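Here is a briefing for a reader who is new to this structure. Please look through the sequence and the model before reading on.

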Amino acid sequence: MMTSQLRRTFSFLRAGTGPPLQAWTASRCLFLDSGSSSSDVGLVLQSQSTDVHQNLALEDWIDAHVDLQQRHILLLWRNRPAVVIGRHQNPWSECNLPAMRRAGIPLARRRSGGGTVFHDLGNLNLTFFASKKGYDRRRNLKVVTEALRRLGLDARATDRLDILLNGHYKISGTASRLSRKSSYHHCTLLHSADRSALSAVLRPSCPGVQSNATASVPSPVTNLVEHAPWLRWEQLLDAVLQQYNAEFGLSSASVLVNPADESEFPGLGSMAAELRSWDWTFGKTPKFSVETLLELRDEQLSARCSAQLHMEVRSGLVERCRLGVPAEWLPLGLSRQLSEVLLGERFCPHRAAAAVTALLLSESGPLNGRLQNLSEALLAAMG
Amino acid sequence: MAMRATLRCLSANFSTRLPQLSSAAQVSARRLLWRSSSPRTLSTTSVLSTALKFTEKHEWVQVEGGIGTVGISNYAQEALGDVVYCGLPEVGQKVEQMEEFGALESVKAASELYSPLTGEVTEINTELAENPGLVNKECYAKGWLIKMTIEKPEELDGLMDQAAYDKFVKSLEE
């Protein structure tokens, strides 16, 4: 559905011949007025942004504002390093949040389903927009596998809609969203991603998370350049573009779009802000519990013991917390106070540390060391 | 064909749930409908309160004692494929008609759920947490999603009844 403001801003320019990746800025050409053509129209867009939240917001913006009833759009994009989880996933079980914090790698929750992926500039994202009727993931993936086959690579889509190279290594995963009137299907494509960074971040933050959130299916991955070292990024994009045109009977060149431009994409900024918010990223985590053992130590007395931790987290907030610390280690009243101080706080070690500080300051006696140790173990269990 | 299948699915799921109106009650109910010309008389919805009403987004709502039970239709569950996760709202959450109140994730995609009415969520189907497949297997019975209050009963008048919905689905399949 096009607002009148958009109709004024955009006019359609049908890209003709010329170098396949020549790009026009969005101000000159974008969307066809609905109803002016009876046949299907297609468009290939390339995002100038490498900000994961902005690009995810761009997807939502296109889905919400562009009439996709008789139009196909392919959006090509890539992000600076980021971890992207599926809509109903649990970030604490899917990725290593402390490691990501240390490396400055942000977390994003997308609106489509599916599992967790690592993005960096060596990973190409493709989003296929269509009407609900035109929703055909296999056809979309054929664009990718055919493009790769033409480059001499053995790429095949599985039943789960992963793409495997040489029948073994995963180079692409798929997810999608069906909204009010339209659909989008997006997939990753590993060209030259940092695989050691990938495996460092795609592991749990903390032990003992129990939830019915949708779980990722881990697979061995590889990059295209590890099998075709001559394959440049631009060549890959070109091959995909050509195949998209061939599959959908189009002759588009790709158009550069800048999602940061509010005049081109009014409202995108606030969509990105919502995606960046803690409430969306962490607060949307399905209810879960943490069940684990804390290993406690008293350095002065060279003593050790184990304590049971049981926590329940709903909407990212601690709803219940039970610490089973042996009474001879720490008075039950103290461990109970520690667990109570966390109730209602975000399940986050920083927030928990702040909440616990007052209690630690008030307990300045000989038990302070053990209480500190218990707090540290508790915080470590929160990722 | 689709209509017959839908009706079969309905009757199989509903035989124990819908209270049967006696034929006398049915006749007088119809007479009341004919007579209701002013807003002060009985509205359509309170008489037919136990029948299903449908939205264009393929959700159904069944009203009983002022509470609406909401689910998705057979057409929707078939289109979705196997549901693997139900993202439902919290009890107490207020929703507007046509506003997104949750999402179902299936092997095919994550699909938004749109509220058929304006009201407040009173109950969510907790069985779906362990058994999301109920949405596919018993979309009109055990696979219900939420229960809600009905703030604006007139919204029900704008929804489709079974016959209208079947016609609507048929038009989509063409």
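Predicted model: local features only at pLDDT ≥ 70, side-chain atom pairs only at ≥ 80, totals over all residues.

Residues are numbered from 1 along each chain as its sequence is written, chains are lettered from A and ligands numbered from 1 in the order in which they are written, and side-chain values use heavy atoms, with hydrogens and water left out.

**Chain A overall**

- Chain A has 12 helices and 16 strands; helices (H or I, at least four residues) and strands (E, at least two) are DSSP runs, numbered from the N terminus.
- Of its 383 residues, 54% count as buried; buried means under 20% relative accessible area, exposed over 50%, and partly exposed in between, with a 1.4 Å probe and protein chains only.
- Among contacts in chain A (heavy atoms within 4.5 Å) between residues at least 6 apart in sequence, 73% join residues at least 24 apart.

- Strand β6 of chain A covers residues 123-131, and nine of its nine residues are buried.
- Strand β2 (residues 71-77) of chain A pairs with β6(A) in the antiparallel sense over five bridges; two strands pair if DSSP finds at least two bridges between them.
- Within β6(A), A:Leu126 stands opposite A:Leu76.
- β6(A) also pairs with β11(A), antiparallel and over nine bridges.
- The bridge partner of A:Phe128 in β11(A) is A:His185.

**Strand β10 of chain A**

- Strand β10 of chain A (residues 174-178) is mostly covered, with five of its five residues buried.
- One side of β10(A) carries A:Thr174, A:Ser176 and A:Leu178, the other A:Ala175 and A:Arg177, and all of these are buried.
- β10(A) pairs in the antiparallel sense with β11(A), residues 182-190, over five bridges.
- A hairpin of three residues joins β10(A) to β11(A).
- A:Ala175 has A:His186 of β11(A) as its bridge partner.
- β10(A) is also joined by two bridges to strand β7 (residues 110-114) of chain B, and these two strands run parallel.

**Contact between chain B and chain A**

- In this interface, 20 residues of chain B are in contact with 20 residues of chain A.
- About 1,600 Å² is buried between the two chains, and carbon and sulfur atoms give 42% of this area; buried area is the accessible area (1.4 Å probe) that two parts lose on being put together, summed over both.
- B:Tyr85, B:Glu105 and B:Ala110 supply 33% of the area that chain B buries against chain A, more than any other three residues.
- There are four salt bridges between chain B and chain A, a salt bridge being a side-chain nitrogen of Lys or Arg within 4 Å of a carboxyl oxygen of Asp or Glu.
- A:Arg87 forms a salt bridge with B:Glu100, and their closest N and O atoms are 3.0 Å apart.
- On the side of chain B that touches chain A, the elements giving two or more residues are β4 (83-87), β6 (100-106) and β7 of chain B.

- A:Asn55 lies in helix α2 (residues 52-65) of chain A and is buried because its relative accessible area is 0%.
- The side chain of A:Asn55 reaches the backbone oxygen of A:Ser49 at 3.1 Å.
- Leaving aside neighbours within four places in sequence, A:Asn55 is in contact with residues including A:Trp77, A:Arg78 and A:Pro259.
- A:Glu376 lies in helix α12 (residues 368-380) of chain A and counts as partly exposed because its relative accessibility is 49%.
- The C-alpha atoms of A:Glu376 and A:Pro349 are separated by 9.2 Å, with the two residues 27 apart along the chain.

Terms used. Polar contact = N/O pair within 3.5 Å; in protein donor to acceptor, adjacent residues only side chain to side chain.
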